[in-house]
Amino acid sequence: QIPLPTMTEDEELESSALKIQKIARGRKARRGNRRVSSPKKALASEEDMAAAKLQSLQRGKKSRKRVEEMRDQKAAAGRIQAIHRGRADRRVVLAKKEGGLELEVKDIRKGLSQMARNPFTLRHSYVKLDLNNQAVKTIDAISQFTNLQFVEMNNNCIADLSPLALLPSLLTLDASNNNLTECLDYVVPECNESNMFADGVTAIGSMLHEANLSCNKIEKIRDLSPHRFLHHLDLSSNNIKTIEGLSSLSMLQTLSLANNQISKIQGLDNLPLISLDLGNNKLKTIANLDTLPRLEKLFLNNNEIESLAALRGCHTLRELDIGTNAVSIIRQVEFLVNISKLAKLTLMNNPCDGLEFYRLRVITRLTGLAFLDGNAVSAEEKVKAINLYGGEGSDLANRKAVWVKCFPEKEFPDFLPPFQEVEEDVVAAEEKKADAPTKGDFRGMFADTGAFVEGIMSTALQRAITPTTIKMGATL
């Protein structure tokens, strides 16, 4: 017989505790399974379980039915909304074909939003109106809502903005995609000697800050002095040929004249413009931009510009888009060297962007660029641009020093010779052209008075001029 192992007192206590725990867990498990001792209790338990199953099935059927009903309701609502939107769209299309609809007061009330206090009576009133895409052709009814400050009515058939003269508090106007032929052709009453006692309180003149008149049929910019507080003006996608009528806008900061037929830059002298867009016009030369003291963003893309010489005086430029033009010489960017704040330059789609080492040659001249043609200028590109010409700061000296150290008896062969510029110095050529005497300026052709007299005498001899004429020339 094998003797049983003896247990210590602690081990016996631990074993007894484990047995007690097992017994307790068995009791809980039996109680959880709802074991019954009598048949009546077992039958009642089975009936309860069957009723619970029936209830769950019934609840499941009801919930599924409710979900299906909600799905059908959403689908029906979507179809109704689509039909309504389709009817509204068809109504707008038909109205546009017939020339547009008359604006009514009920239509205005549907588009009112955003309440604020009246500056004169301090009463609350609606200040924002949305009439976008309503096929409206006249806005006479808007004159009843004199407290409006923000009006949006793009994509309509409006041809006349004169009713806006009765809205002295108007700050923002969006009338793009309409049939306008005049630029802000309304004048808000302003206090003067004739009406100072009757209307002096409310006749404050135009307070318009922002106007969007793009995509219309405007051919000429009228005098905008009645709207002297304009900050932003968008006249893109019209038929404008001449820049005029803007000289009195002493607060104008943003001007867009893109997609027009402008052939000459003029009429912008001394305006405080920060952003100017003249893209997609008929410009062949750049002029009169050095008179804009605050210009930071200039867009001249999609024109026929060949030279950037006129941009030398634009010292505040930060962003320049000259893409899709006729710039064929990379060295034209040398006219931009003194513009220290220039960080973004777009020169793509010009004849020069296909030349050898295009990006590196531009980066070499404009070391402060952060973006060129929409792509960030990396540190690696800047190092390559320095090494391209092999000048001061390049790796040429280091390569030569390493070669001499390793091969002191052999001559250093430069396998990466510096790039030789083949284009002419356009800056020097422009300065020489500027210093050249104009036609008929004989005094500029001679260094001193004696040479001038000799020139006059030689010219007189060639043309057989009388001595009296020579004497007169000497006197001059």
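Is F357 buried, partly exposed or exposed? I looked this up first: F357 counts as partly exposed, because its relative accessibility is 37%. The cut-offs are under 20% relative accessible area for buried, over 50% for exposed, and partly exposed in between, with a 1.4 Å probe and protein chains only.

**Entry 1: ground rules**

I noted that this is a predicted model, in which local features need pLDDT of at least 70 and side-chain atom pairs count only at pLDDT 80 or more, while totals for chains, interfaces and linings use all residues. Residues are numbered from 1 along each chain as its sequence is written, and side-chain values use heavy atoms, with hydrogens and water left out.

**Entry 2: the whole chain**

I listed 9 helices and 15 strands in the protein chain. These are DSSP runs numbered from the N terminus, with helices (H or I) of at least four residues and strands (E) of at least two. The chain has 476 residues, and 31% of them count as buried. Its accessible surface comes to about 30300 Å², with 53% belonging to carbon and sulfur atoms. That area comes from the Shrake-Rupley method with a 1.4 Å probe, and for residues only the protein chains shown count as cover. I then looked at contacts, meaning heavy atoms within 4.5 Å. Of the contacts between residues at least 6 apart in sequence, 36% join residues at least 24 apart.

**Entry 3: the aromatic rings**

How many aromatic pairs does the structure hold? I found 2 aromatic pairs. Rings of Phe, Tyr and Trp (its six-membered ring) pair if their centres lie within 6.5 Å; planes under 30 degrees apart count as stacked, over 60 as edge-to-face and the rest as tilted.

F357 and F419 form an edge-to-face pair, 5.6 Å centre to centre with 80° between the planes. This pair links distant parts of the chain, 62 residues apart: F357 is in the loop between β13 (344–346) and α4 (358–365), and F419 is in the loop between α6 (396–406) and α7 (426–435). F419 counts as buried because its relative accessibility is 14%.

Y389 and F419 also form an edge-to-face pair, at 5.9 Å centre to centre and 85° between the planes. Here too distant parts of the chain are linked, with Y389 in helix α5 (residues 379–389) and F419 in the loop between α6 and α7, 30 residues apart. Y389 is partly exposed, because its relative accessible area is 22%. I wrote F357, Y389 and F419 down as one aromatic cluster.

I checked the backbone of F357 as well. Its phi is near 50°, a positive value in a residue other than glycine.

**Entry 4: helices α4 and α5**

How do I describe two packed helices? The angle between their axes and the distance between the axes do this. The axes of α4 and α5 come within 8 Å and cross at roughly 90°. Axes are lines fitted to C-alpha atoms, for helices over the stretch in contact, and angles run from 0 to 180 degrees between N-to-C directions. The two helices are therefore roughly perpendicular to each other; under 35 degrees counts as roughly parallel, over 145 as roughly antiparallel, 65 to 115 as roughly perpendicular and the rest as oblique. On the α4 side the contact is made by R359, L360, R361, I363, T364 and R365, and on the α5 side by E381, K382, K384, A385, L388 and Y389.

I found α4 mostly covered, with 7 of its 8 residues buried. They are Y358, R359, L360, R361, V362, I363 and R365. Their cover includes β13, β14 (371–372), β15 (375–376) and α5.

**Entry 5: a charge over a ring**

What does the charged end of K344 sit over? I found the ring of F371 there, with its centre 5.5 Å away. To count, NZ of Lys or CZ of Arg must be within 6 Å of the ring centre and within 35 degrees of the ring normal.

L235 is in the loop between β8 (232–234) and β9 (254–256). I count L235 as buried because its relative accessible area is 0%. Beyond four places in sequence, its contacts include C183, L213, I218 and I240. The C-alpha atoms of L235 and I218 are 8.3 Å apart, and the two residues are separated by 17 residues along the chain.

S275 lies in strand β10 (residues 275–277). S275 is buried, because its relative accessible area is 15%. Among its contacts beyond four places in sequence are Q253, L255 and F299.

N155 is not a glycine, yet I noted a positive phi of about 60°. N155 is in the loop between β5 (150–152) and β6 (172–174). It counts as partly exposed because its relative accessibility is 30%.
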